[in-house]
Amino acid sequence: MSSHRLPSRPAPTAAPTTTPARVRAGRSISVLICAVAVGAATACAPSEGAVTPSLAAAAPASPGTGASASTVGAPGIGDPDFPTDGNGGYDVQHYDLRLSYDPASRKLAGSATIEAKAVQDLTSFDLDLHGLTVSRVTVDGGDASFSRSKDELVIEPGGQISNGARFEVTVDYSGVPEPMRDSANLGEYGFISTPDGAFVTCEPNGAKTWFPSNDHPSDKATYDFRITVPAGLTAIANGEMAGTPQTNAGKTTFVWREKHPMASYLATMTTGKFQIRTGTSARGLPVYVAVADNYRGSLDQLYTQTAKITDYWSTVFGPYPFSSTGGVIDDYAAGYALENQTKPIYGGFSPAPTIIAHELAHQWFGDSLTIKRWRDLWLNEGFATYAEWLWAEHTGQYTADSAFRRYYANAADPMWSYPPGTARPDDLFGAAVYNRGAMTLHALRREIGDDKFFPLIRAWTDAHRYGNVTTQEFISMAELISGKNLKSLFDAWLYEPKRPAPIP
């Protein structure tokens with residue numbers, strides 16, 4: 001995610017005429033490392049789908065009426081900073097979402113079928129759902145009892161689900177979606193109605209505003225979307241379109257499929273009137289971009305920059321993890337952008353190349369490699385911010401080192417009192433998570449050298465492709481590849497509430 005509320009970026013220094021030698025050297029070595037790791041895979045070749053299982057945490061069970069504690073799925077997945085997000089007792093494998101939205105009435109009607117695997121015996125389990133009216137719930141085709149408690153949909157199947165068993169729950173629901181409102185973080189997010197459709201950005205926990213889910217990044221799943229809207233509108237979701245949109249009785253249905261594991265906050269069903277351009281990048285990756293009518297003049301730039309930047313990142317970070325790339329500009333003035341998987345969305349502005357570089361870097365850092373807990377958000381935002389600096393370095397605007405030193409020179413910056421290694425729930429997207437997170441990576445790069453840093457980044461994205469990660473796992477890999485004890489460096493930059501000593 002990137003936000004207009006972040007501090008301004010460093011001003012360009014004198015522009016070099018070529019990519020700095022530091023980046024060129026690191027990239028050539030990392031390409032060699034990747035070739036050994038992944039064989040003859042083309043860096044930007046479309047991926048055909050992943051088989052890596054999601055890593056949902058099984059939170060301790062909580063007592064419930066009429067059942068022992070051991071058979072009641074917990075109402076939270078176990079993230080101490082967001083204790084009610086997600087749910088315990090099961091691991092979602094796949095969401096099949098059949099949705100119909102009418103902008104005039106703002107009414108959403110949905111039927112969500114969720115394929116899951118029990119990780120304990122279950123007589124009751126929860127799904128996250130904010131607002132909306134549930135009319136029916138079935139488990140494995142049989143009617144199930146259900147109740148509501150705030151944002152929890154509590155389901156009791158007709159019989160116990162055994163630990164390890166796969167089961168299918170279908171929820172029929174409808175109503176006017178209500179976005180999440182959190183002034184300390186993003187303001188409005190989730191399902192946001194617009195005059196001609198909806199702007200849908202769900203980080204951190206807004207997926208529950210439009211479909212029942214295990215709404216936490218530690219439980220990733222694949223998705224099918226079948227979205228019906230009034231004829232003349234477009235419905236955009238993650239992944240690739242399956243077939244041609246079908247129009248009948250004044251309504252058009254779009255079918256999208258994301259066959260790679262995805263966190264719920266990255267799912268979208270953005271709808272409205274859009275100008276669309278499709279094609280392939282220079283490396284052969286399918287590209288889909290859409291812009292609201294008010295931004296039609298940005299269509300070609302968004303397309304060109306998206307294709308070019310995705311191709312470049314595949315040479316720096318490793319093979320592109322998904323089957324297509326893209327982007328969407330909607331006319332809702334959100335003031336931020338979000339890295340929706342395969343299709344970042346830009347809320348009410350035409351993004352500069354550095355912002356596109358940030359959101360596309362998230363396809364590796366955040367989307368393919370997804371955090372297990374929100375306190376490790378710097379693994380997403382610090383890496384994506386550092387990617388902005390690397391893109392500026394690559395295009396000759398300024399160097400990553402000059403960006404680092406400009407931020408470091410401001411001794412009064414509040415980020416020095418905010419250690420980014422533990423993101424705060426009430427200030428999740430604080431500037432420290434972005435900028436001091438990026439500075440951590442640059443300090444690491446200076447400490448271990450480009451010949452270790454860039455292979456480390458590629459090894460990181462390869463080892464955890466489609467999985468979930470923690471800060472400690474990154475530190476351990478950095479120490480393994482560098483052969484150095486890096487505890488003091490990471491402690492200073494990630495965990496101490498003060499300005500670290502200067503780097504050489």
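## Thr342

Thr342 sits in the loop that joins strand S22 (336-338) to strand S23 (345-347). Helices (H or I, at least four residues) and strands (E, at least two) are DSSP runs, numbered from the N terminus. This is a predicted model, in which local features need pLDDT of at least 70 and side-chain atom pairs count only at pLDDT 80 or more, while totals for chains, interfaces and linings use all residues. Residues are numbered from 1 along each chain as its sequence is written, and side-chain values use heavy atoms, with hydrogens and water left out.

Thr342 counts as buried because its relative accessibility is 0%. Buried means under 20% relative accessible area, exposed over 50%, and partly exposed in between (1.4 Å probe, protein chains only). Neighbours within four places in sequence aside, Thr342 is in contact with Asn238, Gly239, Glu258, Tyr320, Phe322, Ser324, Thr325, Gly326 and Gln363; contact means heavy atoms within 4.5 Å. One of these residues, Phe322, is 20 residues from Thr342 in sequence and 7.0 Å from Thr342 in space, C-alpha to C-alpha.

## The chain as a whole

The chain has 9 helices and 25 strands. Of its 504 residues, 59% count as buried. Among contacts in the chain with a separation of 6 or more, 70% come from residues 24 or more positions apart.

Helix H3 (residues 353-361) is mostly covered, with 8 of its 9 residues buried. The buried residues of H3 are Thr354, Ile355, Ile356, Ala357, His358, Glu359, Leu360 and Ala361.

The 14 residues of H7 should span 20 Å at 1.5 Å a residue, and the end C-alpha atoms of H7 are 19 Å apart, which agrees. The expected span of a helix is 1.5 Å times one less than its number of residues. Buried residues in H7 are Asp450, Phe453, Phe454, Pro455, Leu456, Ile457, Arg458, Trp460 and Thr461.

Helix H7 (residues 450-463) packs with helix H8 (residues 471-482) at an angle of about 135°, and their axes are 10 Å apart. Axes are lines fitted to C-alpha atoms, for helices over the stretch in contact, and angles run from 0 to 180 degrees between N-to-C directions. H7 and H8 are therefore oblique to each other; angles under 35 degrees count as roughly parallel, over 145 as roughly antiparallel, 65 to 115 as roughly perpendicular and the rest as oblique. The crossing of H7 past H8 is right-handed. A crossing is left-handed if the near helix is turned anticlockwise from the far one by less than a right angle, and right-handed if clockwise. On the H7 side the contact is made by Lys452, Pro455, Leu456, Ile457, Ala459, Trp460 and Ala463, and on the H8 side by Glu473, Phe474, Met477, Ala478, Ile481 and Ser482. By class, this contact of H7 with H8 has 10 nonpolar, 1 polar and 2 charged residues. Ala, Val, Leu, Ile, Met, Phe, Trp, Tyr, Cys and Pro count as nonpolar, Asp, Glu, Lys and Arg as charged, and the others, Gly among them, as polar.

## H4 against H7

Helix H4 (residues 378-394) packs with H7 at an angle of about 135°, with 14 Å between their axes. H4 is therefore oblique to H7. The crossing of H4 and H7 is left-handed. The contact is made by Leu379, Phe383, Tyr386 and Leu390 of H4 together with Phe453, Phe454, Ile457 and Trp460 of H7. By class, the contact of H4 with H7 has 8 nonpolar, no polar and no charged residues.

## Backbone points in loops

Most residues other than glycine have a negative phi, and most peptide bonds are trans. The peptide bond from Glu203 to Pro204 is cis, with omega near 5°. Pro204 lies in the loop between strand S12 (197-201) and strand S13 (221-230).

Leu132 has a positive phi, near 60°, and is located in the loop between strand S4 (125-128) and strand S5 (133-139). At 11% relative accessibility, Leu132 counts as buried. Tyr466 also has a positive phi, near 70°; its place is in the loop between H7 and strand S25 (468-469). Tyr466 counts as buried, at 6% relative accessibility.

## Arg296

Arg296 is in the loop between strand S20 (286-292) and helix H2 (299-316). With a relative accessible area of 49%, Arg296 is partly exposed. Not counting residues up to four places away in sequence, Arg296 touches Gln275 and Val291. Arg296 and Ile329 are 33 residues apart along the chain, and their C-alpha atoms are separated by 9.3 Å.
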